[in-house]
Amino acid sequence: MIGLPAALFWAYGIGSTFALAAARQLHFLERRAADRTGLPRLLAPRLISRAANPYLCLTLLYAAVLLVPTGLFLMWQNPSWSTMHIADGHRGIWAGFPLLYAGGVVTATLLGFLLAQALCLVGAGYWAYLNCVAGHFLLFGTLVHGWDGQGYRRFLSTDGAALRAWPKDSIVNNVLRFMTSGTFLALLVLGTAVIGTLLLTEIGWLAEGWLLPGGAQALKVPRFLAVAIAGAGLYGLPLLGALLASTLVRFLGYPAGLAVFAAVAGGLLLPRHSPVRWLYGLVGLPKEHWRATADLLPENGTPAAHSRHRSARG
């Protein structure tokens, strides 16, 4: 339900974000499977089948049932807007393109989830978060700037004629014209289902993770504030980054603008004591390898208690 040039970036960001939101549950699944072997957790193999992972299955179901059908509907309803006006109508779209789009969205969602999951399981949760930020930055960058500096114009124009006529009227009138179109009405209806389900799933999986062993101790702020911080970090920060990058490119050109942006983004995101990394630490996501035992908990949350618990059963 978004311009096709940005759809794969959005799908990748969604898959990554779903895995990050369920990071503690993914740890728990791996540990539970390893405990069944009776081996020390450092030696236990990873036993969770990709097909048996309920969070991966639900993520792919979301992509296949909501993202793909809504995108195909908008491609049929307004092919010009769906292609960001690369094609003028149905005749401008190759017959196999919808098939490639459908497969590409599901594949991008899968790749985003698997990479973020792998990073979360090995204790690189912050890098999994940066993976989410990268996907959403590319999404917003395409919508704000695009490949020719007209990303926002393409997004807010219903057809090629409206795009070409954009400079002849004010931004307010162009936006109002788009908001009174059938395309905007379709986006409003479909977006309620797609984005509403997206947010409910991410918040629900975060809240579920806080109820698991170690989740309450790792959460440093009230839950509503943690949700707000997570939302700002996953969506607000990439949007601001896209706006900044677009502004720098417009004034300095692509080489210098992107170089300055990379320096600013690196200084904000990568240092060990950066404000973004500190805010990430407040949300209560796991920071250790999935084989770690410290936050596991059978009786009182300590590894020793876990050993006594197993001995008593034996």
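Mentor: Gladly! Angles under 35 degrees count as roughly parallel, over 145 as roughly antiparallel, 65 to 115 as roughly perpendicular and the rest as oblique. This model is predicted, so local features need pLDDT of at least 70 and side-chain atom pairs pLDDT 80 or more, while totals for chains, interfaces and linings use all residues. Residues are numbered from 1 along each chain as its sequence is written, and side-chain values use heavy atoms, without hydrogens and water.

Trainee: At what angle do the axes of helix 12 and helix 13 cross?

Mentor: At roughly 150°, coming within 7 Å; axes are lines fitted to C-alpha atoms, for helices over the stretch in contact, with angles from 0 to 180 degrees between N-to-C directions. Helix 12 and helix 13 are therefore roughly antiparallel. Helices are DSSP runs (H or I, at least four residues) numbered from the N terminus.

Trainee: Which residues make the contact?

Mentor: Among them are Leu-237, Gly-241 and Leu-244 of helix 12, and Gly-257, Phe-261 and Val-264 of helix 13 (contact: heavy atoms within 4.5 Å).

Trainee: And the core?

Mentor: A nonpolar core joins buried Ala, Val, Leu, Ile, Met, Phe, Trp, Tyr and Cys residues through side-chain atoms within 4.5 Å; buried means under 20% relative accessible area (1.4 Å probe, protein chains only). Here the largest has 62 residues, and Leu-20, Tyr-62, Leu-67 and Tyr-129 have the most contacts inside it. Elements giving two or more residues to this core include helix 3 (54–77) and helix 12 (223–252), while helix 1 gives the most, 10 residues.

Trainee: What does Tyr-129 touch?

Mentor: Beyond four places in sequence, Tyr-129 touches Leu-20, Gly-233, Leu-234, Leu-237, Val-276 and Tyr-280.

Key: Buried < 20%, exposed > 50% of the residue type's maximum accessible area, 1.4 Å probe, protein only.
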